Structures are given as C-alpha cells and as structure tokens.
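Hello,

Here is the structure I promised to pass on. Please open it first, then read my notes below.

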Amino acid sequence: MLARLAVIGGGAAGLAAAYYAERAGLEVSVLEASPRFGGKIFSLSGDGFVVEAGPDSFPATPGVLELARELNLTHNLLSPCPNPNPSYLLYKGKTLALPDVPPVQLPWSIGPLLSPAGRLRLAFERFVGQAADPDEGLEPFIRRRFGDEAWSILARPLSHAVYGANPADLSVRSAFSGLWEREQKSAAAQDPNDPKTPARPVSFPGGMGAWVKALLLHLEGKVLAGTGLEVVAISREGEAWQIFTLRGKLEAEAVIFATSAQRTARILRPIYPQATALLNQVPTLSVATVTLAFREEELPTLPGHEVILDGSYRAESFLWASKRWTGRAPEGFQLVRVNFAGEVARLGDIDLTRLAQAELERYAGDRKMPKPLASWPFRLGTVPVYQVGHGRRVAAIEDAIDRMPGVFTAGLGLKGLSLADSVREGWQAVQRALNYLALHPSQHPSTPSSTPPIAEAGHSPSS
Ligand SMILES: Cc1cc2nc3c(=O)[nH]c(=O)nc-3n(C[C@H](O)[C@H](O)[C@H](O)COP(=O)(O)OP(=O)(O)OC[C@H]3O[C@@H](n4cnc5c(N)ncnc54)[C@H](O)[C@@H]3O)c2cc1C
C-alpha cells in the first residue's frame, strides 16, 4: 500500500512514527521546524566530553528494546556505573541516601529515613483502602497511604524534581500511574517486591544522540525528511490535507502531529478553534539544563549519581553526569549537570549558567566548588504538567482530534514523558493512520519519492 503520510515534528515520537509508517509501506514525509532532528534528545561530543542536553537515558522497556534491536543498537547499550546509593535527597540541610529500588517501590522502602512515628505510620499502609476519587491529587494520595512524613521527606521533593511543577497539584493517576495501578490492584499495592520490576535506565556510549542517528540512518533514502520546515497551518482540500510551511506546501492524505500540545494548538487555530482551546488548557512548564566541566582534583566529594534538591533551591536536581555514565569526560575531568524547571528555565544562557554555578556553590558550602572550565546551557522548551483532571483533558483532546479525518497525534507528551512513551505513541499513531488509509484508499497519484518534502526545500534525513 502506498499513501502519503506527513509527520509534523522530528523528535523521538515523530521519528518513531516515520520508522513504523515506512516499515508498513507508507510513503512518509517528516517536517521538522528546528535546524536538527531529535527534539529534546541532543548529545554534543568534543574534546573527550559527551554532553546531553535533555534525556541522558531511556527506560529499557520491551517496546523500546525491540526498536533498538531493529536499529542494531542493542549491542551498544550502556548501564549506569554501579553505585550502592545512586540517588540522594536533600532534606532540611541533610543529604539522605535513597534506597536503590525502582521509583515506584520507593514509598515502601523509605522506612529507614523516617522517624519511629513515621515508620509506624508506614507499616499501616497495608490496611489503607482505595480512594473514593479515582483522579486523586498526589499529596492526598501519599499522605493517605504512606503518611505525612513520606510526603514531606520523599514524595514532595522527588515529584518536584521529576515534574518541576507544584507537586501537590499533580494527578497521581496521570503522573505516577505505577503507584495508582498498584492501589487499584490492592494486593500488589501491599507487595513492595512486586516481580513486575520497572525497566532500568540505559544509554549509549556516545549519548542519546545515537538513537536519533540510528533512526535517521535507517530512514535515509526511504523517507523524505527535512529540517527548518516549521508547519504553520494545515487545511483540508477534497480528501487530502494541505500542510503549509514558510517555505512551501505539501499534500498528504494523513497527518500525524508529533509536536507539543501548544504547537499543535497554534497550527489548528484557524481551522479548529475548539481543539486549540482544549490543547491550550494543558498546563506546561519550561525546562532547561546546564552542564559544567570541572577538573576532578578540584571537586569536593559528590554523593552517588544525583542529588534531588528541596524547594529552597532554584534548581531541581544535580546530576553528576560523568559519575553516572562512563566515557562522558576525559580522564581527570568531571561533568556536572544542573536541572531547572519553571520560570527560571527561561533565563538567558549567561544568567542560567551563573545560577547553575551559584546553586552548586551553595550546595557545596564550606567544601568550596571550583570555577568550571566549560559550560553548556540548553533551554528545552516546555513539558506538559499532569495536574488533577489531566485524564479528562486528554480524553477531550482525543475526541476533538478524532473529528478531523486523517489527523492523528503521537501523544504530544500527554500520555507519558519518557522516550518509551514517545516510541509507543508514535507506533499507535501509525496504527490509527494505517486503519484510516485502508478505509480511504488513495485518490491521488502519489508523488515520486525523489521529490523533496517541500518544493524547493528538501533535505535528506542525515542533514
Ligand atoms: C531535561 C529532560 C530530561 C529527560 N530525561 C529523560 C530520561 O532520562 N529518560 C526518558 O525516557 N525521557 C527523558 N526525557 C523525556 C524525553 O526527552 C521525551 O519523552 C522525548 O524526547 C519527547 O519526544 P517528542 O518527539 O515527543 O517531543 P520533542 O522532543 O519535543 O519533539 C518535538 C519536535 O517537534 C518539532 N516541532 C514543533 N513544532 C513544530 C512545527 N510547527 N512544525 C514542525 N516541527 C515542529 C520540534 O522542533 C521538535 O523537534 C527528558 C526530557 C527532558 C526535557
């Protein structure tokens, strides 16, 4: 079957969608607004350093591993350096070691960090029933199930570091679905050693950019993909969609949006203001990272692989990137990453870098932080915040998008924030597009595949 599918956005979700669509025999075009593919995934290498702008790993779920195998990447997987206590939490000025268990098992494992009263309360967790409201906030959920101390010592700072948002507003069902599911199957909720162990994070020696590179290599010559092609509008003409960029237009029978909710809202505004209004209701948060290089001998001792900060800091967490992964810095040097979320993540490069240094100096205190030798600030756009009511909002958005024939979304970050979620959503969007195209056989002679995606503006996937 040959039909034309346009994928808007060349990040993890868009490239996964292009991969699965091409594999299914569709003629695909990928339109990426920025000068490079990969979206939030971007690795920089040079002088022996490997710097990650966004994700430094992905959860090795069966779905992602299968795609990694197909891309010939599994022989090259890298696990974090062994460390008995990889994660620490700052609480009332003290750095506490978190038990080395998957995040979903943490609430059951933090007894040693609690006071005797907090531990006793935690022991009662097994007798706590299900909530009356299936879309409960994270704070009431944790306080009800695990007690107040579990909230203030563990869940509050941890969820703030993961989502950057006000953790009290988060929906436990949408933001921490593993915990929510455990409560639904109450037997599993009481078994901290549930054998369904969540996937461990893995990466690649050259960084996460290897994922993007492998996908582009696979797609080269098979899929028409172009960068610098920001889609500004789409319109329906007959049985096809016209897709407009500032550099030309493209016709497609089906369209997959693999951008963000806000970007999709902007594109749909002229033709579908109701969908735009729903998409714009999703709250978002800006995210940024600053990676700093230091001479190892000058650095104070840094605990584990990461420290999750409490609300008194403007950064969310510190990641000792070259302690977590081998091969990230040349011998005698270390890379430290400072993660930011919220308004602060919109600061310009100079201010953000200064703030990253200041936050590290404050954390180090008397131990003194040296001046960095180099710095790499990255502003990474926004991520959606899964507040209470998120599930209902997403259902309404899906319902609205369903009314547009041949238009699909690859998650838009609304159904999970990890690479595994992007891959799964890319695959699902393609399945829906295939069903649609099977029911609506092509009425247009397809353009020969040597034609660039946009007249006068073609790039090969490797560009
Ligand atoms: C700091 C940080 C750390 C992370 N850590 C991890 C981690 O450890 N593990 C993990 O699994 N995940 C992690 N993630 C999440 C992971 O990065 C994302 O799930 C994934 O990269 C999202 O891919 P995406 O394609 O959905 O979106 P994006 O990467 O945002 O891609 C969307 C693409 O659409 C393009 N676009 C937007 N508008 C238009 C338009 N109008 N026309 C054409 N193109 C357009 C954008 O330029 C972009 O390239 C992290 C994210 C961040 C920010």
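The shell around the ligand divides into 17 nonpolar, ten polar and six charged residues. Keep in mind that this is a predicted model.

Which residues come nearest to the ligand? Of the 33 around it, they are Glu-32, Lys-40, Ser-57, Leu-417 and Leu-419.

Ala-12 has a polar backbone atom 3.0 Å from an oxygen atom of the ligand. Val-231 also uses a polar backbone atom, 2.9 Å from a ligand nitrogen. Arg-263 uses its side chain: an N or O atom there is 2.9 Å from a nitrogen atom of the ligand. On its own, the ligand has 1,000 Å² of accessible area, and the protein covers 84% of that.

Several elements supply at least two shell residues each. They are α1 (12–23), β5 (58–59), α11 (261–268), β14 (284–295) and α16 (419–439).

Where does the ligand lie? Domain 1 (4–40 + 208–282 + 388–439) and domain 2 (43–101 + 198–207 + 284–384) both give residues to its shell, so the ligand lies between them.

Next, the largest nonpolar core. It has 47 residues. Leu-5, Val-7, Val-28, Val-30, Trp-211, Ile-256 and Leu-419 have the most contacts inside it. The elements giving two or more residues to this core are β1 (4–8), α1, β2 (27–31), α2 (62–70), α10 (209–219), β13 (254–257) and α16. Domain 1 and domain 2 both give residues to this core, so the core lies between them.

Look at Leu-419 in both places: it is among the residues nearest the ligand, and it is among those with the most contacts inside the core.

Best wishes

Note on methods: Residues are numbered from 1 along each chain as its sequence is written. This is a predicted model: local features need pLDDT of at least 70, side-chain atom pairs count only at pLDDT 80 or more; totals for chains, interfaces and linings use all residues. Side-chain values use heavy atoms; hydrogens and water are left out. A residue is near a molecule or strand if one of its heavy atoms lies within 4 Å of it. A polar contact is a pair of N or O atoms within 3.5 Å; within protein, one must be able to donate a hydrogen and the other to accept it, and residues adjacent in sequence count only if both atoms are side-chain atoms. Accessible areas come from the Shrake-Rupley method with a 1.4 Å probe; for residues, only the protein chains shown count as cover. Helices (H or I, at least four residues) and strands (E, at least two) are DSSP runs, numbered from the N terminus. Ala, Val, Leu, Ile, Met, Phe, Trp, Tyr, Cys and Pro count as nonpolar, Asp, Glu, Lys and Arg as charged, and the others, Gly among them, as polar. Domain bounds come from an automatic or database domain assignment. A nonpolar core is a set of buried Ala, Val, Leu, Ile, Met, Phe, Trp, Tyr and Cys residues joined through side-chain atoms within 4.5 Å. Buried means under 20% relative accessible area, exposed over 50%, partly exposed in between (1.4 Å probe, protein chains only).
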